[in-house]
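The exercises below are meant to be worked through with the sequence and the coordinates at hand.

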Amino acid sequence: MLIAALGFADLCVGFVSIGTLVTRASEKTLDLCLVRIGFTIAACIDSLLVLMLIAIDRYIAVFKGLRYIQIVKRERVIFGIILVSIISIAVGFLPLMGWRVSTYNKYCSFLYVVPANYIIVLFSSCVFIPITAMFVIYGRLYKNAQIHIKRIESIENITQPRLSNGQLRISARTAKSLKTLTVVFGCVLLTWMPFLITSIAQIICEDKTCFLKDIVGTHLLILGFSNSFLNPVIYALGTKDFRETFVHTCFGRFPCFNQRPSRSRSNIYPVLSRTRL
């Protein structure tokens, strides 16, 4: 369900990016401009917050595996999805409700139509907090995965070759987990951090000394939109559950795709089998 919510949020980002190309950022009135900007902000925030929910879900699955079914209930997941959607829409449409600039020159770009204090609140509450939370969660998951893999390998009597300085080599499974996490957060940083940093730089130095508004509203914003295309690809390649859900959702009506593998106890309680990130 979280995967479907992530896909829907990324799809919305795709639609608003197409809307930007169609209108060419030249809406006739400020209200029409803020409607498009509101949808853009809401879709991006929703995608980021759903990613945070997925990280929380993985945290519970690993550290509370025996109680995962009792904690992560369908009603709670639905409530979480609805809550982040409400937050995203409310924050995204604050400029339309009054938190806006006083003048409009018929050029509908992010830094031209929303005030600096709104951008600071937006970035600090809805961007940096989710990103920091995901870093902390996935950091703990990776640390736990290393400990868990070493226990599995000791049980399976897998000998670990040692380096000359006495340190253990990283196993293939540990390297794969590290690679998946590196790709996930690397893509988030590479796609959104240039936009965030440049926007903050423009706010700090103001219009008299910096002329970055056009770059932020075009090239860097498109770079940020590309993260919504990369999210499904990364999770499809790195997460087996994502691939199974995607295939079942898209091709479930076809008999050859309608047979999903049964979930064993090892899939329900990943902490008891293998940590799957």
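A residue is called buried when its relative accessible area is under 20%, exposed when that value is over 50%, and partly exposed in between. The model is a predicted one, and these cut-offs are applied to it in several of the steps that follow.

**Exercise 1. The overall fold**

Describe the secondary structure of the protein chain, and state what share of its residues is buried.

Solution. Begin with the elements: the protein chain has 10 helices and zero strands, so that, by the definition of elements as helices and strands, its order from the N terminus reads α-α-α-α-α-α-α-α-α-α. Next, turn to burial, where 42% of the 277 residues of the protein chain fall in the buried class. Then consider the contacts with a separation of 6 or more, of which 74% are between residues 24 or more positions apart. Finally, the accessible surface of the protein chain amounts to about 16000 Å², and carbon and sulfur atoms contribute 67% of that area.

**Exercise 2. The disulfide**

Which cysteines does the disulfide join, and are they buried or exposed?

Solution. The structure contains one disulfide, and it connects C33 with C108 at an S to S distance of 1.9 Å. The link of C33 and C108 is right-handed, with 85 degrees about the S-S bond. Because C33 belongs to helix 2 (residues 30-63) and C108 to the loop between helix 4 and helix 5 (110-113), the pair ties together parts that are 75 residues apart in sequence. As for accessibility, both C33 and C108 are buried. For two other cysteines, C12 is partly exposed because its relative accessible area is 23%, and C187 is buried because its value is 15%.

**Exercise 3. The salt bridges**

How many salt bridges does a search of the whole structure find? Locate each one and state the accessibility of its residues.

Solution. The search finds three salt bridges. One is formed by E27 and R36, whose closest N and O atoms are 2.7 Å apart, and both E27 and R36 are buried. Another pairs R100 with D31, the closest N and O atoms being 2.9 Å apart; R100 lies in the loop between helix 4 and helix 5 and D31 in helix 2, so this pair links distant parts of the chain, 69 residues apart. R100 counts as partly exposed because its relative accessibility is 27%, and D31 is likewise partly exposed, at 40%. In a further salt bridge, the side chains of D57 and R58 meet at 3.1 Å, N to O. Here D57 is buried, at 12% relative accessibility, and R58 is buried with a relative accessible area of 17%.

**Exercise 4. A surface patch and the annotated spans**

Which residues make the nonpolar surface patch of about 350 Å², and how much helix is there in the spans 77-98 and 118-141?

Solution. The patch is made by M1, I78, I82 and I86. Of these residues, I86 is found in helix 4 (residues 74-92), and it is classed as exposed because its relative accessible area is 53%. For the spans, an unreviewed UniProt entry lists residues 35-56, 77-98, 118-141, 181-204 and 216-237 under "transmembrane region". Residues 77-98 are 73% helix and 0% strand, with end C-alpha atoms 32 Å apart, whereas residues 118-141 are 100% helix and 0% strand, with end C-alpha atoms 34 Å apart.

How values were computed
Residues numbered from 1 in each chain as written. Predicted model: local features only at pLDDT ≥ 70, side-chain atom pairs only at ≥ 80, totals over all residues. Heavy atoms only, no water. Helix = DSSP H or I, 4+ residues; strand = E, 2+ residues; numbered from the N terminus. Buried < 20%, exposed > 50% of the residue type's maximum accessible area, 1.4 Å probe, protein only. Contact = heavy atoms within 4.5 Å. Areas by Shrake-Rupley, 256 points an atom, 1.4 Å probe, with all protein chains shown as cover. Patch = residues over 30% accessible without salt bridge, like charges linked within 9 Å, V, L, I, M, F, W, Y side chains within 5 Å. Salt bridge = Lys/Arg side-chain N within 4 Å of Asp/Glu carboxyl O. UniProt positions renumbered as here; feature names shortened; annotations may be inferred. Disulfide = S-S within 2.5 Å.
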